Amino acid sequence: MARADGAAQRLSGREAGLAALFHQVGDPQRTWADGRYPRVGLRFFEAQLRHLMKRYRVVAASELIEAVRTRRRSEPYPVAITFDDDSPSHVTHAAPILQRLGVPATFFVSGASLEGPRSFWWERLERAMEQGAIGREELSEMVPAASAVPAGLRKMQQIADDIELMTPEQLRDLLDELGRRAGPDPEDAVLGAAGLRKLVTAGFDIGFHTLRHLNLSTLDSDELGLAMSEGRDRLEEAIDRELTLIAYPGGKWNPHVLDAARGAGFLRGFTTEPKAVLPDSDPLCLGRVDPGWCTTLGQVELSLTRALRRDDGLRLREARAA
């Protein structure tokens, strides 16, 4: 059904496109249903790329809007492949497959490791859980619930979503506690300068994901300004490239975040809302489809075709009018 819907949509002359979002790549594959942070298995990752190459036109994230505007009837919809976070699997697993297939991609990184060994909250949590130093129920009690779901009944994805809504102070305290339980951050916990340069040398684009990976929608003007600049110069120096693309941590945004990104000189900004990119989309508010929950290509295609039907500008117009 998803393939038939996609084929029907491609017959139209609609100017639209998509961006796909990945995080970790490697075996064994796992999803939120496993109670762990999602990771796309190697074979399934390659299968998804081949699916996108067959049914879509894969372009660089920086070229997506232009590709949308030049699409003609019956031509494949353009799609951009993006990755968030500083996972070493970008270099060890994702990049070799992308290179072998000749697929362009953009990696949004924080450059956190340029300051020294550093893990993000989900990496420390993963190590602490593997060591048996914390369980889901205890973690649920530590994280304020932002939904009506009782703390003890929240699944890991719901807990992770609530962590993304914590204040910077709450997140810092949680990060410290997880660090105490998980032990020192490994030297290779996140991509270092050498790994980042390997991605650049291989021809991939690099974007900014902010140094501290905070929920930008909770920050005031001064904090937003700092988030847009802190660590950016050091990362640009490490890769010898100017950073003009940004992906908002957790996909969280509001009009103030978009204004801050625009004021900081970014040309393209990406959220995690599963919606189409249209010719008149705000270039600092481009949605992305996350197929991390998918276990079949049919589910992947369904998530893509659903996103193509969504109005990209609806929430933005509502937010600016509020």
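In the predicted model, contacts between residues 24 or more positions apart account for 68% of those in the protein chain with a separation of 6 or more. The chain is made up of 14 helices and nine strands, and 53% of its 322 residues count as buried.

Thr-106 and Leu-245 are 139 residues apart along the chain, yet their C-alpha atoms are separated by 9.1 Å. Leu-245 is one of the residues that Thr-106 touches once residues up to four places away in sequence are set aside; the others are Ala-61, Ile-81, Thr-82, Phe-83, Asp-205 and Gly-207. With a relative accessibility of 0%, Thr-106 falls under the 20% limit and therefore counts as buried.

Two or more lining residues are given by each of β1 (18-22), β3 (39-40), α5 (121-130) and α7 (156-164). The largest share, four residues, comes from α7. Classified by residue type, the lining contains 11 nonpolar, nine polar and seven charged residues.

Helix α5, one of the elements that contribute to this lining, is itself mostly covered, with eight of its 10 residues buried. The buried residues of α5 are Trp-121, Trp-122, Glu-123, Arg-124, Leu-125, Glu-126, Arg-127 and Ala-128. They pack against β2 (24-25), α6 (136-142), α7 and α8 (168-182). Just after α5, Gly-132 adopts a positive phi of about 75°.

Within α5, Arg-124 has a relative accessible area of 13% and is therefore classed as buried, the limit being 20%. Apart from residues up to four places away in sequence, the contacts of Arg-124 are with Ser-119, Leu-175, Asp-176, Leu-178, Gly-179, Ala-182 and Asp-185. Among these partners, Leu-175, Asp-176, Leu-178, Gly-179 and Ala-182 fall within the span of α8 (168-182).

In helix α10 (residues 221-229), burial involves Leu-224, Ala-227 and Met-228. Viewed down the axis of α10, the buried residues fall within an arc of 95°, so they line one face of the helix. The cover over these buried residues includes β7 (205-208), α11 (232-239), β8 (245-247) and α12 (255-263). Two of these covering strands, β7 (205-208) and β8 (245-247), also contain residues touched by Thr-106, namely Asp-205, Gly-207 and Leu-245.

Both ends of α10 show local features. At the start of the helix, a side-chain oxygen of Asp-220 reaches to within 3.2 Å of the backbone nitrogen of Asp-222. Just after α10, Gly-231 takes a positive phi of about 80°.

Conventions: Residues numbered from 1 in each chain as written. Predicted model: local features only at pLDDT ≥ 70, side-chain atom pairs only at ≥ 80, totals over all residues. Heavy atoms only, no water. Nonpolar A, V, L, I, M, F, W, Y, C, P; charged D, E, K, R; others polar. Buried < 20%, exposed > 50% of the residue type's maximum accessible area, 1.4 Å probe, protein only. Arc of directions from axis to C-beta. Contact = heavy atoms within 4.5 Å. Polar contact = N/O pair within 3.5 Å; in protein donor to acceptor, adjacent residues only side chain to side chain.
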